[in-house]
Amino acid sequence: MANFYLDNKDLQYHLSHPLMKRIIELKERNFADAKLYDYAPQDTEDALDSYRRVLDIVGEVCGEVIAPNAEGVDHEGPRVVNDHVEYASGTVRNIEALIEAGLGGMTLPRKYDGLNMPVTCFAMANEMVARADAGFENIWGLQDCAETINEFATEEIKERFLPRVSAGETCAMDLTEPDAGSDLGAVMLKATWDEAAGVWRLNGCKRFITNGDGDISLVLARTEEGTKDARGLSMLIYDKRDGGVKVRRIENKLGIKGSPTCELVFNNAPAVLVGDRKMGLIKYVMSLMNAARLGIAAQSTGLSEAAYREALKYAQEREQFGKPIIQFAAVSEMLKNMEAKTLASRALLYETARFVDIYKQLNHISHDRSLEAEERQEMKFFNRLADGFTPLAKMFASEYANEVAYDSIQIHGGSGYMKDYACERLYRDARIMNIYEGTTQLQVVAAINHVTKGTYLEQIMRYEEEARSEATQPMSEQLKEWRKTYEAVQARVESIDKECAGYKDFHSRRLVEIAGYIIISHLMLRQASECEAEYLNPAKVFVKYAAKKIAEAAAYINASEASDVELFKA
Amino acid sequence: MEKVTKIVVLAKQVPDTRNVGKDAMTPEGTVNRAALEAIFNPEDLNALEMALQMKDRIGTATVEVLTMGPQRAADVIREAMFRGADGGYLLSGREFAGSDTLATSYALSCALRKINPDIIVAGRQAIDGDTAQVGPQVAEKLNLPQVTYAEELVDINDTEVTIKRRLERGAEVVVSPLPAVITVNGSAKECRPRNAKRVMKFKYSLATSEMATADDARKAFIQERPYLHIVELAAADVNPDPEQLGLSGSPTKVKKIENVVFQAKEAKKLSAEDTDIEALMVELIAGHTLG
């Protein structure tokens, strides 16, 4: 019986993090639900036990149903029948199994039939689903659209849609259009108020919409006639039951082939408004995107896990020159680095998820009562960390997924290039992860602000204060040196940038990467301190890798003149 | 009041013999239960799924699990509740120890007389004994019609059930009056997964004897929530003839167990060409390996 939770000690370790107690406290609010719902926890231990049990179910469905279906889904793919999407047969079975397992609405409050679990647990579930089938994770993971509805919509809208998400209906976020991809301010899909029917009417076209024929769609549309920028955009919900949207085509993609990427035509489709007009892009898409980016970080981590395991298994089984190839240094070094990158992705992912949980939950509480001064402080603190860490997590995890998938094929040798092994699918699936929900280059744009504002530096200093084990001490010292390097190159970049506009922009990825490598190394050392047997070896491997990357980036910056900005201009 | 159809699933906790390692057997030739994980007998899970489908179709029905075994067999009932069963009965006591299929079916039939179900569903056979006798014997003892090798529930109403049976050379669809005993084949639909809310709801459920060792808080918790109490039946609760229980009721005696290791003596390599496959088929049929 394959179980992607029980076979993954690292995932279980992250659920036992001390911050989980605070998260549960905020999520359960004095365990008031225990009197109302027979499945609500009585106390912190009970809640944690329930999380473990639910993740155990997810792990089993992933191992027993979704993973075995993945190859068939990749071959079969979805198709358009009568203007609607028909999923591959394996996808249909996956959805059935998840509905039977009651895994819709994982993070939604119980009053909407949800499981009221933290974002951290949802990310864990997403990671396992992605390990089983990355393309399917898109369809299932989109249930986090419901979080945006829960945060910003009226009670009436919440009551209409959220229980349906809990029952397993799928979601979509309809943002991009042919001429509005990374630049969402250019969205033109038109929303007009139909006074007679008392609904908004949507007209226009959307492109590259993941699961575009989902049951419940969040649509970014232009409600303010005559406007041309972000300020004229609002967020609306389109209900598939109402009709009015046709799927014109499904894109033929390199990977994640089971996930239907749709081109949609809206023809007077009725819709309801979420929150305030004109806040669509500025406020709600930002919330959606942050959740989606965390989702891609989870998806990427799951893919790395799958690719690493495939490579490890092959390297143990494949014999050449009379011994398994894992016994050759060149192969085992690759495997060790792949393992370290997978653990690193996960460490950063769940550190971020915990920050998001605390911030989000305090924010929810603030809608019901005014927060105490201390709580306001806490919310602000974790909001900033969540904002700073989300682009880092998305960027590192998705880049690592690509690297690990690449190396997985390399370890398979010629066989890996054939369609016979899962590694080729993983490689194709990984390729989108550092592109969608904001390319790596756009994550850098979000993250560089936190280099400037000092979010990363302050957090690095906090990590330096944490107690560490004897065995990790030399590495902790090394990390302090890196922090000094980081401060020095940042100072250099800031000062040259004053005279030469564009210099900081030019080096932004290098700065963000240095900060990221220091942060992840701290997380790895924290784990190694707590659990030497499991983590000391991969922590050492990762720190060696990070040392190389930091030295390279720092050397580049230190040797870079102001004139480099001109050198690289098109 | 609308009639509630009472469905009882017979389930057994068995050692997981599917991934047998070197220590699976004791030197005496009996199953080393300590080395093998205790699991829900696989075909009993198929039976549970069919019972739950019956409930889905009828609407007003309950699905309960009856299992005979030691205290830890209550795990099977909890697992069934996680997957959709409403409750269960643990038939437990030292009187039942050492039962063969005859004594087991006798004990179960005594309990079933007391429970009085409309439909009894069981797995075809258990992976530890592989006899496929208990279901049919229960039917005989209760004087009920039986449908064996059930693969698919075709239809069900208050008075009869239509079942597709998997046979060696095909399938047949039969109609049986109710009450009846149905034994379900491993080729039937796999059991639905555990359900998140049900797991959270039922995770603290305990059978009576488990309650005895639980702490006071747990006891009080279960007393407030009767659905968490798994009914436990002792021998005295089901009015049996003591002679027919356990060892004294078991005529089967295992004389000798031999450990057979299969070994391929020769290997042949065939291409995926039709001609090669054809030749292989002819050989297998001629040698009575197939057909």
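Biologist: In this predicted model, what makes a residue of chain A count as buried, and what share of the 570 residues does so?

Modeller: A residue is buried if 20 or more other C-beta atoms lie within 10 Å of its own. By that cut-off, 52% of the 570 residues of chain A count as buried.

Biologist: How do you know that the radius of gyration of chain A agrees with that of a compact globule?

Modeller: A compact globule with 570 residues would have a radius of gyration near 25 Å; chain A has 24 Å, and therefore the two agree. The C-alpha atoms of chain A fill a box of roughly 70 × 60 × 55 Å along the principal axes, and its secondary structure comes to 19 helices and eleven strands.

Biologist: Why are β9 and β11 of chain B called edge strands?

Modeller: The open sheet of chain B has ten strands, in the order β9-β8-β7-β10-β6-β1-β4-β5-β12-β11, with mixed pairing. Strands β9 (170-177) and β11 (206-207) of chain B each pair on one side only.

Biologist: What makes β6 and β10 of chain B a pair?

Modeller: Two strands pair if DSSP finds at least two bridges between them. Strand β6 (residues 119-123) and strand β10 (residues 180-184) of chain B are joined by five bridges, so they meet this cut-off, and they run parallel. Within these strands, B:Gly123 stands opposite B:Val184.

Biologist: Which helix lies across β6 and β10 of chain B?

Modeller: Helix α1 (residues 42-58) of chain B does, running at about 150° to β6(B). The helix also lies across β1 (5-10), β4 (61-68) and β7 (146-156) of chain B.

How values were computed. Residues are numbered from 1 along each chain as its sequence is written. Chains are lettered from A and ligands numbered from 1 in the order in which they are written. This is a predicted model: local features need pLDDT of at least 70, side-chain atom pairs count only at pLDDT 80 or more; totals for chains, interfaces and linings use all residues. Helices (H or I, at least four residues) and strands (E, at least two) are DSSP runs, numbered from the N terminus. The radius of gyration is taken over C-alpha atoms; the globule rule is 2.2 Å times the number of residues to the power 0.38. A residue is buried if 20 or more other C-beta atoms lie within 10 Å of its own, exposed if 12 or fewer, and partly exposed in between; C-beta atoms are placed from the backbone. Two residues are in contact if their C-beta atoms, placed from the backbone, lie within 7 Å. Axes are lines fitted to C-alpha atoms, for helices over the stretch in contact, and angles run from 0 to 180 degrees between N-to-C directions.
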